[in-house]
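Morning, everyone. Please look at the structure on the screen while I talk.

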Amino acid sequence: MLMAGAPLPDTRAILPRPAASDDRSWPALTGQKAIDRFKIYCSYMTIQGEAPDQGRPNHSCSGGRTVVPSSDYLKSLVDIEAGRISPEIFIDEDIYRLELDRVFGRNWLFLAHDSMIPKPGDFFSTYMGGDPVVVARQPDGSVRAFLNACRHRGMRVCRAESGNTKSFFCTYHGWAYDTAGNLINVPNLSDAYKDRLSLKDNGLIPVARIESYKGLIFGNFDATAPSLEEHLGDLKYYIDGWVDQVDGGIEVLPGVVRWTINANWKLAAEQFAGDTYHAPTSHASSLLSFGPPFEGKDGAHVAFREGHGESFLFKRHTRFSEDPLSLYNDAKLEAAKARVGDRAEFVANFTAFPAFSGLPGSSNIRVWHPKGPNKFEIWSFTVVDKNAPPEAKKAMQVSASFTEGPAGVVETDDGENWGLIGAILEQGHQARKMRWNYQMGDYPATGHEEFPGAYRDSFFGEAGHRAFYRRWLEFMTSEEWPVLTQEERDAFNKPGA
Amino acid sequence: MVSQIDKQIERQFRVEQFLYREADLLDSWEWGKWFELFTEDVRYWMPLRRNLQRRERGTGQLPTGLEMALVDDDHTQLKMRVQQMSSGRHWAEDPPSRCRHLISNVVVVEEDEAKQELVVRSNFIVYRNRLEREVDIWAGNREDTLRRQGDSFRIASRTILLDQNVVLSKNLSVFF
């Protein structure tokens, strides 16, 4: 799949002339520069598996011959210092294939919450990157996850989205697996295989690592990755402020709301990493009609070297007053403040790199499942305090249905934005040469004595976006899991410390 | 003396005409007039459609009553949605989509003479053409409780069952 029309980074019409050292983004048509341009073109195409330096010792590779965009090319697309990013990263098929391997193939991806699979045999079907995965509660209470693909011909072994079972059964040839993924039955084992088939070696492909944080279960296909807690880093402080407000923690309401956007998953992930700037415009008809308006000084945003970002309002802006949910929130406020301080009143949005996001305050967990370079699914989980009274939980369900989800009065307008951007990139040629602007909040982080992370004192800012893409680029251009040293993290997350 | 069958034909005619005219209001962007067709105690509900194992199908569609829904509105919420449509700033539907609500298979399931209510099922296909080339097609089934009011009806409840598990559109910003 050599790309005859491999996109060249040509930005003449849009950008001021870059520094001389940045020839790569400034190709001309004659002389030495034409040769350079040809070199860039060649550098884009490295045949995976042929070049000796393309080995992947630590994680599974997509296999076969894949055109891998070179690191130099990728770096030419994502300029964090200048706050400029090429939309090629949202539409290019080869970049997407590499992303499945290097970002989704070795990262902590949200699978489920404990409350969704409380009993042995409970399972939940989800995805890790493009791959279907089943998460199942084991008889001993632990959780395992494995590829939802039979080892014989790759057929799905589980077609229900959730439920309880003793085994998973392939309806193609009848291989059966227990809830731990072990192959437990093969039809005609003695006469068809003469008992020469090893059941032990043909279990479902396990997700290498399963770890959970306060009931939030994550999986990772890379056995060499640092722990989930290390990856989440100081974002845990903000997650705690949401999931640990009251005794008993949170639970997820039954029913995952899922819908489809014809755009790249990163557009949603970056928005949740800190784009509150869109709200007053995008959500003019809903947010501002149903609640008081807010300004930058009403909140702040933080970024993390690990690739996470969050922005938050300091005080809850309640859309509904005197309903059971507001009454419950008011009633628990003192106790919650005693546990998590000011975080009890935050209305926030965050992204934990790469594809797990949340809306504390709207009680919403999100996963962005990629379905191709220009398509993703939103999976939206609604969370409530586990010990909240039923009427408060019901009010949360009604509120979440009304505001979020594909029919939500807030969310519908996000779909319009993402879908139209996706359409422009799908058809556009000149539009793909543009460099998008990520310069908001490009001033030194001040840090904050209480709130960890690179803290900037405006509700509006794109530091979280830049942190996200900085990390994305590291994963995309690294053969190994790009380990961060404590010094690197401190230098970024604790400015002025 | 009007025969039983004549009564049923007339009832069927009135129900169908009501549903067709309702659909016409939506397709004509007359959301305010459409909203007037609902009673104040209405529940306008669009539950999720789930893929479950055969033995779990039909059991406990709503095990706790807390199951998430695509829409779960009362009269006030539905009114807010209609106001949003008319706000001039609801970008998902501004400029408005062109929609075609095709209603068919209208069956009166039961009639409660005392309450003056009918339970009516119908199938729908909604075609949406948005801006230039975007097209969404949603099919499904509705179960309405229609309350007699004069010669016509008001919708006292509507349950919308979309025949999609993962919703295959970027939003559900139209009414069903």
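Strand 7 (residues 131–137) of chain A pairs with strand 8 of chain A in the antiparallel sense, over five bridges. Strands here are DSSP runs (E, at least two residues), numbered from the N terminus. Two strands pair if DSSP finds at least two bridges between them. One such bridge joins A:V135 to A:A145 in strand 8 of chain A.

A word on the source. This is a predicted model, where local features need pLDDT of at least 70, side-chain atom pairs need pLDDT 80 or more, and totals for chains, interfaces and linings use all residues. Residues are numbered from 1 along each chain as written, chains are lettered from A and ligands numbered from 1 in the order written, and side-chain values use heavy atoms, without hydrogens and water.

Back to the sheet. It is open, with four strands in the order 8-7-6-9 (chain A) and antiparallel pairing. Which strands sit at its edges? Strand 8 (143–147) and strand 9 (162–164) of chain A, each pairing on one side only.

Now the domains. The assignment, automatic or from a database, gives chain A domain 1 (1–20 + 29–48), domain 2 (111–209) and domain 3 (228–493). The centres of domains 2 and 3 of chain A, over C-alpha atoms, are 33 Å apart. In their contact (heavy atoms within 4.5 Å), each of these two domains of chain A supplies 10 residues.

How many salt bridges link domain 2 of chain A and domain 3 of chain A? One. The term means a side-chain nitrogen of Lys or Arg within 4 Å of a carboxyl oxygen of Asp or Glu. A:R258 forms a salt bridge with A:E161, with the closest N and O atoms 3.3 Å apart.
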